[in-house]
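The following paragraphs lead the reader through the structure shown below.

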Amino acid sequence: MSDNKKKQIKLSALDEDVLTVLLGRELYGLEILDQLNLDRPDELMFSSLYPALNRLEKKGFVSWKWGDEHDSSGGARRKYYKVNGAGKAALSEIQQYRAALAQRSAQGHTTFVGI
Amino acid sequence: MEWEMKVLRFHRKYICQNQSIRLHLKDKFRLQLFLFDPRLELLLFGLRQWLIGFQFIVSLCPLMLWIIYFLALILDPHCEAKLPQLGREDFLLLGTFLGILLNLLNVLRLLRIKKTFNGCKLGTIFPEEWQADLKTLQKRWMKQNYSCQKIRFLTIKHIFHMVLGYIQIQLENIWLPNNVSLKKLNNFKTYKVLRS
């Protein structure tokens with residue numbers, strides 16, 4: 001991809017978490033929230049989740065489809081989200097950046113200790 | 001308005017008096033009973049009207065700034081040279097004033113519409129998937145044998161968080177790439193009204 005066409009990827013920590021949870025599976029809003037809250041120190045609420053999903057959808061990182069009507073949801077349909085190709089690429093790029101950052105940090109630490 | 005509220009209160013009182021029946025209610029009927037709360041319905045109705053007004057204000061703000069700019073140009077053709085001299089504080093004050101004015105108009109509109117209150121359900125406020133999540137949560141709380149009061153409190157708490165999320169989405173959609181899903185989100189008519 002040329003530099004002109006390459007878009008700057010902006011992902012917040014929460015966006016990254018949502019993409020990671022959605023990787024390889026289709027989940028609806030509450031399921032995503034449950035998955036995110038499993039080991040989270042501060043509980044995540046709908047006020048953070050829905051804007052994050054909206055951001056990811058607008059940026060083209062996730063796609064969605066309507067689910068069937070369920071009695072458990074009072075007859076309302078659920079929206080099932082999944083990560084698409086662009087989302088996977090963005091997540092991979094961010095993870096590579098974080099890995100490189102951690103590696104540099106470790107190298108810096110070694111150098112500092114060596115001095 | 002008054003007689004409608006009286007009817008709602010009467011039904012509520014009648015149902016609450018029959019506590020023995022409530023013990024044997026199925027989940028679905030208990031959910032309906034919970035939703036049949038005049039205070040909650042009034043709250044939801046007010047919320048919906050406020051959100052519609054808020055959405056209108058957000059869409060109007062950029063336009064209003066342009067109108068003020070052009071009015072200033074018409075009234076004083078030489079003011080364009082003075083515009084760069086205006087500080088950031090002036091624009092902040094102008095924005096705050098506009099925001100307060102439009103919100104006051106919104107509240108006045110809300111008070112006028114409130115007279116025609118005839119009940120409101122979740123389906124008329126939030127997108128379908130949001131209400132599906134909320135209903136699923138309510139079912140989960142019922143299975144955990146939470147009290148009716150606790151379920152009501154938790155529902156209101158989650159509705160409050162959904163409102164915050166809704167406001168954030170509206171604001172973020174101003175600068176986010178496309179507006180396709182915004183139209184979907186705001187088109188209340190496309191949302192299926194809850195079958196209860």
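A:Arg55 forms a salt bridge with B:Glu172, their closest N and O atoms lying 2.9 Å apart; a salt bridge here is a side-chain nitrogen of Lys or Arg within 4 Å of a carboxyl oxygen of Asp or Glu. The structure is a predicted model, in which local features need pLDDT of at least 70 and side-chain atom pairs count only at pLDDT 80 or more, while totals for chains, interfaces and linings use all residues. Residues are numbered from 1 along each chain as its sequence is written, chains are lettered from A and ligands numbered from 1 in the order in which they are written, and side-chain values use heavy atoms, with hydrogens and water left out.

Side chains of opposite charge can pair when their charged atoms come close. Between chain A and chain B there are four salt bridges, and the count over all chains is nine. A:Arg55 also forms a salt bridge with A:Asp15, where the closest N and O atoms are 3.0 Å apart. This pair links distant parts of the chain, 40 residues apart: A:Arg55 belongs to helix H3 of chain A and A:Asp15 to helix H1 (residues 13–22) of chain A. Helices are DSSP runs of H or I with at least four residues, strands are runs of E with at least two, and both are numbered from the N terminus.

The contact (heavy atoms within 4.5 Å) takes 27 residues from chain A and 31 residues from chain B. About 2600 Å² is buried between the two chains, and carbon and sulfur atoms give 56% of this area. Buried area is the accessible area (1.4 Å probe) that two parts lose on being put together, summed over both. On the side of chain A, the residues losing the most area to chain B are A:Phe46, A:Tyr50 and A:Lys58, together 26% of what that side buries.

Within chain A, the axes of H2(A) and H3(A) come within 11 Å and cross at roughly 115°. Such axes are lines fitted to C-alpha atoms, for helices over the stretch in contact, with angles running from 0 to 180 degrees between N-to-C directions. The contact involves A:Gly29, A:Leu30, A:Ile32, A:Leu33 and A:Leu36 of H2(A), together with A:Phe46, A:Leu49 and A:Leu53 of H3(A).
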